[in-house]
Amino acid sequence: MPEQLPSDHPSVLTFRANIARSGGTRRPCLRVPDDVLAAAGDFVRLHLGGTAYHARLSADASGLVIRGAYDNKRLARTPNDGENRLVEWCREHDRADGDAVELDELDDGYQYGLRVPGVRQVYRITERPNDSLSSIAEQFGPSDE
């Protein structure tokens, strides 16, 4: 059963982040702060407005970015196949290039939440998948996790 975790809980580490544009795309992406312990190619869960999505971190000349959030891990691998929920969230919350956001670290290296500065959010946390089971599943093909 998922656990409820508010953004103002003492176990939540909050980073100031920015919405940016990266590369030739006009779509917004999330500039990941340098203090976040993650690497290009990592997959994370990104909570947007109460729902957890899958996102892949990539790098550009300025550091790490999340270019999109998708309904499952397969769509995060092949972003042209699905709806980019990060773009929807930015539109819904009137966030554009250069605007500040808060990135809550819910489970270091695995689960993060994005919110408008000063707005409290309650996240539904799911347990991290078992690493050994995930690696076995990866051998058989992409997952829609």
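Two residues are taken to be in contact when heavy atoms of theirs lie within 4.5 Å. In the predicted model described here, residues 24 or more positions apart account for 51% of those contacts in the chain that have a separation of 6 or more. Buried residues make up 40% of the 145 residues, while the chain exposes about 8000 Å², of which carbon and sulfur atoms supply 47%.

The chain contains three helices and nine strands, and from the N terminus on its elements follow the order β-β-β-β-β-β-α-α-β-β-β-α. Seven of the strands close into a barrel with mixed pairing, arranged as β2-β3-β6-β5-β4-β8-β7; on average, neighbouring strands of this sheet are turned by 40 degrees against each other, direction being ignored. Strand β2, comprising residues 13–20, pairs with strand β7, comprising residues 100–107, in the antiparallel sense over six bridges, and within this pair A17 stands opposite V101 of β7.

The largest nonpolar core has 23 residues, of which L30, L46, L48, I66, L86, L103 and L114 touch the most other members. Two or more residues are given to this core by each of the elements β2, β4 (43–48), β5 (51–60), β6 (63–66), α2 (85–92), β7 and β8 (111–115). Another core, of five residues, lies apart from it and includes L5, L106, Y123 and I125. Within the largest core, I66 is one of the residues that touch the most other members; when its neighbours within four places in sequence are left aside, I66 is in contact with C29, L30, V32, V44, L46, A55, R56, L57 and L86.

How values were computed:
Residues numbered from 1 in each chain as written. Predicted model: local features only at pLDDT ≥ 70, side-chain atom pairs only at ≥ 80, totals over all residues. Heavy atoms only, no water. Pairing = 2+ DSSP bridges. Helix = DSSP H or I, 4+ residues; strand = E, 2+ residues; numbered from the N terminus. Axes fitted to C-alpha atoms, helices over the stretch in contact; angles between N-to-C directions. Buried < 20%, exposed > 50% of the residue type's maximum accessible area, 1.4 Å probe, protein only. Areas by Shrake-Rupley, 256 points an atom, 1.4 Å probe, with all protein chains shown as cover. Core = buried A, V, L, I, M, F, W, Y, C linked by side-chain atoms within 4.5 Å.
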